[in-house]
Amino acid sequence: MKYETKVLTTNYQKPDAYGALSMPVYYTAAFEFPSAKAMSDAFCGRSMAPSYSRISNPTTSYLEQRVKQITGAASVTALNTGMAAIAYALVAVGGAGLNIVASKHLFGNSVSLIRDTLGSFGMESRLADFTDPREVEAMIDDKTCALFFEIITNPQLFVADIKMLANIAHKAGVPLIADTTIVPFSVFHAGELGVDIEIVSSTKYISGGGTGLGGLLIDYGKFDWSASPSPALQARIKRNGRKMAFTARVKTELITNLGAVMTPQAAYMETLGLDTLNLRFYRQAESTLWLSQECQKIEDIRHVNYTGLDDNPFHQLSESQFGNLPGAVFTIDLDSEKSAFEFIDRLQIFRRATNLFDRKSLAIHPASTIFGLFTPAQREAMAVKDTTVRLSVGLEDREDLLADIRQALT
């Protein structure tokens with residue numbers, strides 16, 4: 001079945017008592033059990049019955065089941081933010097004395113998570129240019145617990161060769177973990193290119209308009225965790241097998257101990273968002289391609305960056321991996337930071353806000369906001385320029401959006 005059919009025909013875990021066509025929101029902390037044995041089975045993982053909403057909830061589990069059916073994954077875990085999903089993935093594979101080889105062009109908070117937060121617990125971060133496979137390969141050793149990157153970096157819009165990275169990682173016995181938020185899994189199939197663990201900020205495309213926060217941790221169940229240097233995963237292998245050790249640690253340890261499971265209200269909104277995901281994505285991405293092409297004709301814009309453009313240095317690789325519509329965000333460069341600020345201040349349709357892939361179009365100056373607490377030298381090393389404005393394209397008429405860009409440059 002195609003995406004739209006799969007997403008609309010996923011069955012509930014249990015039939016609804018009233019035959020509701022939309023999964024109800026189970027806004028409750030606890031659940032009653034018919035017996036002490038049933039309660040014990042739920043708490044010890046011997047049954048799929050929900051035990052407590054901090055650990056599992058029927059509305060949240062239904063979102064997970066939908067995503068699992070769409071992606072063909074072995075398991076899906078819904079968390080309360082995309083950052084929580086990144087943190088859970090890296091904590092699950094890592095540990096003191098181990099290292100993560102990560103892209104040096106990651107989103108700002110992803111860098112500080114790996115470098116500062118996980119670093120304070122004894123995990124080493126090794127930042128590499130993931131567009132240079134030789135540099136990545138040279139950083140891997142027997143203490144490397146993961147390769148972590150973004151399929152298209154934000155805001156630089158650099159593209160890595162995913163199959164090549166997968167070959168490097170798997171040859172070394174290391175899992176490939178990818179943040180794929182910028183292109184939705186309805187059109188991009190990460191597992192087919194060798195990604196082992198996929199991370200999605202469901203706040204973006206899936207929520208359907210910034211209606212709530214969420215993150216998805218998707219395990220394709222193909223990686224053999226017996227090669228992992230993590231003692232915690234080795235312990236899981238004995239109980240759960242070589243392919244499901246990661247999921248077992250996430251579901252039975254991290255979910256319980258760290259408490260970042262997605263709320264039922266957010267899960268309900270994101271379940272609704274999945275219904276129209278493809279409709280919105282194609283409209284937004286088609287407008288993005290057209291707008292980026294039109295912006296190339298405007299003299300006041302010094303540079304337009306979108307990997308869907310024919311003259312983009314990553315175009316060929318991007319098209320082979322993501323098709324001709326690689327997401328609904330592009331960047332423009334103006335003369336200076338001052339020009340960028342003035343341009344943003346004059347926008348009338350684009351909203352001055354963070355987030356990506358809302359129904360509304362959004363504009364932000366990444367260097368002074370997302371990367372505002374990094375030093376100029378750090379921003380330069382990460383290829384984040386003061387002249388760059390990031391534009392996330394929504395569902396407004398594309399002619400009106402172009403007119404807004406033109407008048408803001410005047």
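This is a predicted model: local features need pLDDT of at least 70, side-chain atom pairs count only at pLDDT 80 or more; totals for chains, interfaces and linings use all residues.

Analyst: Helix 7 spans residues 162–171, and its buried residues are Ile162, Leu165, Ala166, Ile168 and Ala169. Because these residues cover an arc of only 165 degrees around the axis, they lie on the same side of helix 7. The elements that cover the buried residues of helix 7 include helix 6 (133–139), strand 4, strand 5 (176–179) and helix 12 (315–322).

As for the two ends, a side-chain oxygen of Asp161 comes to within 3.4 Å of the backbone nitrogen of Lys163 at the start of helix 7, while the residue Gly173, which follows helix 7, has a positive phi near 70 degrees.

In helix 5, which runs over residues 108–117, the buried residues are Gly108, Ser110, Val111, Ser112, Leu113 and Ile114.

Helix 4 in turn holds Val91, which counts as partly exposed because its relative accessible area is 27%. Leaving out residues up to four places away in sequence, Val91 touches Leu118, Arg249 and Leu254; the C-alpha atoms of Val91 and Val250 are 9.1 Å apart, although 159 residues separate the two along the chain.

For the wider view, nonpolar side chains tend to be buried together in soluble globular proteins. Here the largest nonpolar core has 81 residues, and those with the most contacts inside it are Leu216, Leu274, Phe330, Phe343 and Ile405. Helix 11 (residues 277–295) gives the largest share of this core, with 7 residues. Apart from this core lies another, of 43 residues, among them Tyr88, Leu90, Phe223 and Phe374.

Once neighbours within four places in sequence are set aside, the contacts of Ile405 include Leu291, Cys295, Ile298, Phe330, Phe343 and Leu391. Helix 11 also holds Glu294, which is classed as buried because its relative accessible area of 15% falls under the 20% limit. With residues up to four places away in sequence not counted, Glu294 touches Leu402 and Arg406.

Methods. Residues are numbered from 1 along each chain as its sequence is written. Side-chain values use heavy atoms; hydrogens and water are left out. Buried means under 20% relative accessible area, exposed over 50%, partly exposed in between (1.4 Å probe, protein chains only). Helices (H or I, at least four residues) and strands (E, at least two) are DSSP runs, numbered from the N terminus. Contact means heavy atoms within 4.5 Å. A nonpolar core is a set of buried Ala, Val, Leu, Ile, Met, Phe, Trp, Tyr and Cys residues joined through side-chain atoms within 4.5 Å. The arc is that of the directions from the helix axis to the C-beta atoms. A polar contact is a pair of N or O atoms within 3.5 Å; within protein, one must be able to donate a hydrogen and the other to accept it, and residues adjacent in sequence count only if both atoms are side-chain atoms.
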